[in-house]
Amino acid sequence: MEIKSAEFIKGIIGTDPILNDQIPHIAFVGRSNVGKSSVINSLVLRKDLVKSSATPGKTKEINYFLINKKFYFVDLPGYGYALMGAQGGEKLRKLILWYLSGGEVHPRFVVLVVDACIKPSAYDKEMVDILRREGHPFVVVANKVDRLNQTERAHNLKNIEATLATKIFPYSARTKMGRESLLETITS
Ligand SMILES: Nc1nc2c(ncn2[C@@H]2O[C@H](COP(=O)(O)OP(=O)(O)O)[C@@H](O)[C@H]2O)c(=O)[nH]1
Ligand SMILES: [Mg+2]
């Protein structure tokens, strides 16, 4: 799919009229700092459509981006701090769970972004369980593979695949490795 347009629509913190407009959702979830925003930017070939985690505020909302006037890319808050119960964590956790398991939203696809350089966290596993239980179609993207040499890459990817018991997409938001096949998978 060629990206013709990508625009920020709004951030939401709960039920909202945008949920009723029939445009399919492709949702992005993952621990804070795994590169979720960077993955979205790389897919739409825009440097800063989605602001990096350095932008305060926006990362506490569910942000909607309209792509080709046809899909929403939905950027969920990072769940690193959220599930650890840090300040504000409970609120974020509830917001993520509301979106994924509240029964109100039926995303066409969920992209779970994990870090290729480290072992999946307990929360990554929990997220896979939630996605399976809810029956959401999903893919796991192992981002930042550009940081690994061939040996590390093979080793880590195998490890992540085994831990999460699912096939994964090696990816680099930096080099855009894997971009075409991921975009094809989630938009067709
Ligand atoms: N080397 C490398 N760094 C990345 C990649 N994707 C993101 N990063 C870096 O990881 C950090 C967090 O990225 P960001 O997209 O803000 O993560 P988010 O919190 O998950 O949205 C930033 O410093 C990015 O430059 C990647 O594919 N390769
Ligand atoms: Mg982000």
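**Note on strand S3 and its setting**

1. All of strand S3 is covered: six of its six residues (62-67) are buried, so the strand is largely enclosed by the rest of the structure. Buried means under 20% relative accessible area with a 1.4 Å probe, protein chains only. Strands are DSSP runs of E, at least two residues, and helices are H or I runs of at least four, numbered from the N terminus.

2. This is a predicted model; local features need pLDDT of at least 70, side-chain atom pairs count only at pLDDT 80 or more, and totals for chains, interfaces and linings use all residues. Residues are numbered from 1 along each chain as its sequence is written, and side-chain values use heavy atoms, without hydrogens and water.

3. In a regular strand, side chains alternate between the two faces of the sheet. In S3, Ile 62, Tyr 64 and Leu 66 point one way, Asn 63, Phe 65 and Ile 67 the other, and all are buried.

4. S3 has pairing partners (strands pair if DSSP finds at least two bridges between them). Strand S1 (residues 6-12) joins S3 antiparallel over six bridges; Lys 10 has Tyr 64 as its bridge partner. Strand S4 (residues 71-75) is also antiparallel to S3, with five bridges. There, Asn 63 is partnered by Asp 75.

5. S3 and S4 make a hairpin with three residues between them. Asn 68 in that turn has a positive phi of about 50°.

6. The protein chain holds six helices and seven strands. Buried residues are 52% of its 188.

Technical notes:
Chains are lettered from A and ligands numbered from 1 in the order in which they are written. Buried means under 20% relative accessible area, exposed over 50%, partly exposed in between (1.4 Å probe, protein chains only).
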